[in-house]
Amino acid sequence: MNAMEIRGLCKRYPAFELKNVTFSVPQGAVMGFIGRNGAGKSTTIKSILGLVHLDAGHVEIMGKDFAGNERFIKENIGVVLGGIDFYPKKKIRILTDVTRRFYENWDEDKYRHYLRLFAIDEEKRVDQLSSGMQVKYMVALALSHNAKLLILDEPTSGLDPVSRDELTELLRKIAADGQRSVLFSTHITSDLEKCASHIALIKDGELQYTGTLDEFRQHYAYLRQGEEKLTLEDIIVAVERRPLDENAVI
């Protein structure tokens with residue numbers, strides 16, 4: 001069974017359109033969701049979570065339709081959409097006290113483990129944390145109620161290299177037991193080289209290709225020059241590159 005299946009997601013805005021996006025996240029996979037800024041990654045994730053109203057499409061998580069099982073699904077997923085943009089003067093401890101009430105499967109020992117791992121001081125206010133520490137805290141919350149699927153939108157963008165490496169290693173270990181899965185949206189493709197088992201590439205609101213990391217590289221092998229290994233960044237740059245209009249003013 002796939003941890004998540006999305007089929008035919010469509011969302012129209014005046015200046016952007018999400019066009020029939022379809023892919024699945026296998027159980028036990030770390031799915032890297034890649035594309036340049038503005039390609040549609042965040043819109044896709046918000047559509048999956050019901051944060052925007054879809055024009056068309058279907059979302060199924062853990063074998064259940066999202067629209068008809070929203071409470072159950074939200075109990076069993078962990079979501080990180082960036083830092084903390086609410087209650088800046090409240091202590092972390094207070095935010096946690098509120099958050100744990102929403103989850104029947106809240107695991108206090110696990111939460112304390114991640115606080116220690118990420119060196120988070122619960123007595124600090126939100127506005128006293130760096131953007132990277134805010135992301136670490138949101139990840140700690142997401143991992144503390146035994147979620148079966150983690151959905152992360154650019155979680156490493158505010159982290160230093162050491163913290164990024166720690167987080168990608170953690171995601172790899174989370175999925176290693178085959179019981180939990182990760183959808184990991186990022187433009188820092190070097191992070192995915194360390195932990196992703198599957199890749200989905202989106203461009204201008206349309207999915208270009210999805211498959212295992214090896215299948216993905218093989219699909220775009222024609223882009224390789226010489227014998228050098230083709231990186232995910234190489235692929236994105238090549239797919240996105242457009243020839244410059246000779247008559248354009250520069």
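Let's start with the largest pocket. It is lined by 28 residues. Nearest its centre lie Val79, Phe86, Thr99, Tyr103 and Met138. Keep in mind that this is a predicted model.

Which elements give two or more residues to that lining? There are two kinds. The helices are helix 2 (70-75), helix 3 and helix 5 (131-142). The strand is strand 6 (77-80). The space in this largest pocket comes to about 820 Å³.

Next, the second largest pocket. Its volume is about 230 Å³. Here 14 residues form the lining. Ser47, Leu54, Val59, Phe66 and Ala67 are the closest to the centre. Helix 1 (41-48) and strand 4 (56-61) each supply at least two residues of this lining. Which element gives the most? That is strand 4, with 3 residues. By class, the second largest pocket is lined by 7 nonpolar, 5 polar and 2 charged residues.

A word on how such spaces are found. Roll a probe the size of a water molecule over the atoms, and the empty space that is left shows up.

Now to the surface. Find Ile94, Val98 and Phe102. These three form a nonpolar patch. Together they have about 270 Å² of accessible area. Ile94 sits in helix 3, which covers residues 92-99.

On to charges. Side chains of opposite charge can pair when their charged atoms come close. How many salt bridges does a search of the whole structure find? The count is 21. I'll show three of them.

First up, Asp97 and Arg100. Their side chains meet in a salt bridge at 2.5 Å, N to O. Asp97 is partly exposed, at 26% relative accessibility. Arg100 is partly exposed as well, at 21%. For Arg100, compare that with the cut-off: buried means under 20%, so 21% puts Arg100 in the partly exposed class. This pair also belongs to a network. Asp97, Arg100, Glu108, Arg112 and Glu122 are linked by salt bridges.

Then Arg172 and Glu169. The closest N and O atoms of this salt bridge are 2.5 Å apart. Both residues lie in helix 6, residues 161-176. They are 3 residues apart, about one turn of the helix. Arg172 has a relative accessible area of 38%, so Arg172 counts as partly exposed. Glu169 is partly exposed too, at 30%.

The relative accessible area of Arg7 is 35%, which is partly exposed. Glu5 is also partly exposed, at 25%.

One more residue before I stop: Glu233. Glu233 lies in helix 9, residues 232-240. Why does Glu233 count as exposed? Because its relative accessibility is 51%, and exposed means over 50%. Now look across to Ile34. In sequence, Glu233 and Ile34 are 199 residues apart. In space, their C-alpha atoms are 9.4 Å apart.

Technical notes
Residues numbered from 1 in each chain as written. Predicted model: local features only at pLDDT ≥ 70, side-chain atom pairs only at ≥ 80, totals over all residues. Heavy atoms only, no water. Patch = residues over 30% accessible without salt bridge, like charges linked within 9 Å, V, L, I, M, F, W, Y side chains within 5 Å. Areas by Shrake-Rupley, 256 points an atom, 1.4 Å probe, with all protein chains shown as cover. Salt bridge = Lys/Arg side-chain N within 4 Å of Asp/Glu carboxyl O. Helix = DSSP H or I, 4+ residues; strand = E, 2+ residues; numbered from the N terminus. Buried < 20%, exposed > 50% of the residue type's maximum accessible area, 1.4 Å probe, protein only. 1 Å grid on protein atoms, 1.4 Å probe; cavity = no way out; pocket = protein on both sides within 12 Å on 5 of 7 lines; lining within 4 Å. Points joined across faces, edges and corners; volume = space filled by probe spheres on them. Nonpolar A, V, L, I, M, F, W, Y, C, P; charged D, E, K, R; others polar.
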